[in-house]
Amino acid sequence: MSAAELKSHYSLVIIGAGPAGLCAAVAAAEHGLDVALLDDQRAPGGQIYRAIESIPTERARLLGSEYQRGDKMVSAMRNADVEYYPDTQVWSLSREREIGLLCGRTAAMISADQVILAGGAIERPLPFPGWTLPGVMNAGAGQILFKSQGIVPADGVVLAGSGPLLLLLAWQYMHAGVQIEALLDFTPMRNHLRAMPYLPRALLAHHYLLNGLKYKMDLKRAGISTVQNVSNLRAKGEKSLESVSYIHSGQQQTIETDLLLTHFGIIPHIQLAQAAGCRHNWDKRQQCWRPQVDDWGNSSIDGILIVGDGVGIGGARTAEHAGRLTALQAVHKLGRIARHERDRLARDDRKWMRDEQHIRPFLEAFFHIPAKLLGAPADDTVVCRCEEVTAGAIRKAISVGHDDSNQVKFLTRCGMGPCQGRQCAESVAHIVATATGKSLPQVGLYRARPPASPLTLEQLARLFPDEKE
Amino acid sequence: MFKRLDSHPEKCVTITIDGKPFEAAAGETVAAAVLLSGIGYTRTTPVSDAPRAPFCLMGVCYECLMVIDGQPNRRACQEYVVEGMRIERQHGAGDLSE
Amino acid sequence: MNTDVLIIGGGLMGFSTALQLAKRGARCIILDKDSPGRHASGVNAGGLRRLNRNPAEIPLSIASAEMWHDIASLVDSDCDTRFPGQIRVAENQQDMLALEQRAAMVRDLGYDHEEIIDRLELYKLVPALMPECEGALICRSDGYGRPFHALDAFRRKTCSLGVECHDSTRVDQIDHDHKGWRLITPKSEYRAPVLVNCAGAWAGPIAATLGEPVPLKAGAPMLMITERLPRFIEPVIGAASRKLSFKQMQNGTLLIGGAHMAELDFKRQSTEMNWAKLAVSAQTVMALFPQLKNVRIVRTWAGIEAFMPDHLPVISRSSTSPHAYHAFGFSAHGFQMSPIVGKILSQLILDDQTELPIEPFDIKRFRNDM
């Protein structure tokens, strides 16, 4: 739907059309709620099921069966009584649930009785020397090109980092016949030990483990070996990437390549929850800030619910179940169903969700990013990509007494560029914490400075044409 | 750096990238097209004139800002190609006063 | 802990006062409930403006401008200051008339920092301005700085002279006995013969504790900043009949203020943007610079400031207690005044007099209001 069709008020507005948002929208519409589903992308599915409606069968097959699950979810939403607004960015969310958005190029301000944030995750930005060079990208970016446009590396690729997505992408590329120059695994060996205690519970969700093993073995059989336990990643080149160096077994190694895709896990995309003023807590295991929510997705602000990877990384299947649970809560809060009815309807999803979560502690321990990698980049590393603030400059600000994220931001301008600190907030917090010995909650995150995504003076001006001084 | 799996897309549109014509697949993002075109960097930064190119492709990092049909600071990963679109590298801060 | 002077509030006024005192050998401790410059001092628009000041403020503002022009000699840093002038644009003849009257009034008071310029000169100075403006009022050597950089420089210089700043230190109780002032904080107790209230938007309760309540209102003026643009304007722009403060910062971003207020939850120290009012600021900018309509706003914020009903600050001895002093309530135009206010307070404290006329800022003026 387009901007002209937007109403000024809905009983429920859902932000994000990934698995959590899609399932929430369908469930809420089934109970007769007046639902608007807003999404940044041009087509539904979120990052995980990107391009699911338009992908050719052959390419979908290369991406694996988990990807194809998205098909059902998207068509359920299409068939439900949901107002779906693609290409819609939310730039503001207030405690009173006023939502500032850009639908296409038109700004609008709408309101809702209940809001469900289902904004998903972003890749954990992890700065290393040279990561700003053309030719260095997120692994997720590689996957997006593959999913939506069938675009793959032409002349080989180096994959580096730590996390399930890296392995999955390697496997998908292998099937597509892409030349993988190297798979550099930054997962430290000690993580195997760290994860051991969680293995028994993980076995309850053994299909994840089996998938992982299968990917590994397939890659090995194809002659793609993983270099384990590497460190000191550096991307080098004049105008664009020319080579990648790293240290393995005490030796510096260099690979010539024009493409490096890195991945260090994913973290909740909390920009809107922060803008609304929802309480966030630092999660040591997931190594990220998470909005505080209860079992039903209620945040610290009445009427704002948060669900899916946006509250903590649980994966796509967890997001489906949680999406439905949260929708039930919204339906209940709007007086459409009684508490016991909500609880009854939630029973299956709650159980399935519990089953899905068996794997998480194991994955979190196994892919735990070493503190040094997060909080001690070399002085010449650009940390804030927008304002080009280096780790050295940040440490200098710390050394003269600016010992929290916001003070460092004020002094160095890190986090003041167009990305609104999305790419450096976490890193700056880690660097300050490492340098001062303070805890991450003490160091804090940048305070939210709306708009969450930029809008033009004209778009804002036209939003309130009759307003006077 | 990148290639299409399917070397003959079903439907093509012609765009220009820094003045040179380029055949893009209908429905693909500007970022995908410029990555395929092999132009290397897509902007230089206003701070140090450093070359940059698309990084996250999901609208988060704002690295892929380009001049599209004369409008600077457009995220190439969020814009879709259309016939005749003019795409240019952005050098430093985008000039909006034209 | 014992010292000579206890200052509540680690903003620019507090540091400026401590700096002047320390230069003359007094020992000071600054107590701040958050971190230095957390509110108004660190996040204001950074205007260094004599233009269009209330006549009562003019002598202080002029003295302060002299200090800003040589600020490095005071704090070892130029605080990223620029002095390309500040301009108040007349969009029509009525505006022009008002500005001419203002200029005449200032001249009659014996000052020459504000002058009228005609359209020819206006467009020479601001070629990007929309056509058909009449002229402007200008103060040629006004300018702007970067507030947090200034705060950082003042803080570092002050601390290098031995002043201690204790942050995250909330003052819970204020007593006075024969030994002087006693401040109780969650962690410790501070004593000094002299107390200074530079607590900004939080200064009201302190004044009330001293038995001289003031009609202080906390407010949070909104500011917005755009993406970077190629350099196209040097002076700071205001308009005779619009709420606007508009400048292109050192790095090319545009800082837009219009004295519109955010919704403020004072207790939680949180602000929420009033987008309708920001839209007015956007309309104002577009009226004066229509070519900027596609410039994108990347950030908005609102620092918490103290406003007085007459929009004049309190710079004053306490009227009730010996050896207590106030400097607060600058009503969103205090940044420029901070160097001179520190000097004035240090003179009041150490010499019991100042050469600058501060009667209009006496705290006693609110005696009958409360």
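Reader: In which sense do strand β11 and β12(A) of chain A pair, and over how many bridges?
Author: In this predicted model, strand β11 (residues 180-185) of chain A pairs with β12(A) in the parallel sense, over two bridges. Within β12(A), Thr226(A) is the bridge partner of Leu183(A).

Reader: Which sheet has β11 and β12 of chain A in its order?
Author: They belong to an open sheet of five strands in chain A, with the order β8-β16-β10-β11-β12 and parallel pairing.

Reader: Why is one side of β8 and of β12 in chain A left without a neighbour in the sheet?
Author: β8 and β12 (226-227) of chain A stand at the edges and have a single partner strand each, so each has one side with no neighbour in the sheet.

Reader: Let me turn to the domains. How is chain A divided?
Author: Domain 1 of chain A covers 3-122 + 267-337, domain 2 covers 136-264 and domain 3 covers 371-443.

Reader: How far apart do the C-alpha centres of domain 1 and domain 3 of chain A lie, and which residues does the contact take?
Author: The C-alpha centres of these two domains of chain A lie 30 Å apart. Domain 1 of chain A gives four residues to the contact, and domain 3 of chain A gives five residues. On the side of domain 1 of chain A that touches domain 3 of chain A, three residues are nonpolar, one is polar and none is charged.

Reader: Now the interfaces. How many residues of chain A are in contact with chain B?
Author: In chain A, 35 residues are in contact with 31 residues of chain B. At least two residues of the chain A side come from each of β7 (121-123), β8 (136-138), α5 (139-149) and β9 (151-153). The largest share of that side, five residues, is supplied by α5(A).

Reader: And how do the residues of the side of chain A that touches chain B divide?
Author: On the side of chain A that touches chain B there are 15 nonpolar, 10 polar and 10 charged residues.

Reader: Which strand of chain B does β9(A) pair with?
Author: β9(A) pairs with strand β1 (residues 2-4) of chain B, in the antiparallel sense and over three bridges.

Reader: What radius of gyration would a compact globule of 98 residues have, and what does chain B have?
Author: A compact globule with 98 residues would have a radius of gyration near 13 Å, and the 13 Å of chain B agrees with this. Taken along the principal axes, the C-alpha atoms of chain B fill a box of roughly 40 × 25 × 20 Å.

Reader: What percentage of the residues in chain B are buried?
Author: Of the 98 residues in chain B, 49% are buried. As for contacts in chain B between residues at least 6 apart in sequence, 42% join residues at least 24 apart.

Reader: On to chain C. How many residues of chain C are in contact with chain A?
Author: The contact joins 30 residues of chain C to 29 residues of chain A. On the chain A side, α16 (405-412), β23 (455-456) and α19 (457-463) supply at least two residues each. α19(A) gives the most to this side, with five residues. The side of chain A that touches chain C divides into 15 nonpolar, seven polar and seven charged residues.

Reader: Which strand of chain C do bridges join to β23(A)?
Author: Two bridges join β23(A) to strand β20 (residues 296-302) of chain C, and the two strands run antiparallel. Thr456(A) stands opposite Arg296(C) in β20(C).

Reader: Which residues point each way from strand β15 of chain C, and are they buried or exposed?
Author: From strand β15 (residues 236-239) of chain C, Val236(C) and Gly238(C) point one way, Ile237(C) and Ala239(C) point the other way, and all are buried. In a regular strand, side chains alternate between the two faces of the sheet.

Reader: And what are the strand partners of β15(C)?
Author: Strand β4 (residues 86-90) of chain C runs parallel to β15(C), joined by four bridges, with Gln86(C) opposite Val236(C). Strand β16 (residues 242-248) of chain C pairs with β15(C) in the antiparallel sense over two bridges, and Phe246(C) in β16(C) is the bridge partner of Ile237(C). β15(C) and β16(C) form a hairpin, with two residues between them.

Definitions and conventions
Residues numbered from 1 in each chain as written. Chains lettered and ligands numbered in written order. Predicted model: local features only at pLDDT ≥ 70, side-chain atom pairs only at ≥ 80, totals over all residues. Contact = placed C-beta atoms within 7 Å. Nonpolar A, V, L, I, M, F, W, Y, C, P; charged D, E, K, R; others polar. Pairing = 2+ DSSP bridges. Domains from an automatic or database assignment. Rg over C-alpha atoms; globule rule 2.2 N^0.38 Å. Buried ≥ 20, exposed ≤ 12 C-beta atoms within 10 Å, placed from the backbone.
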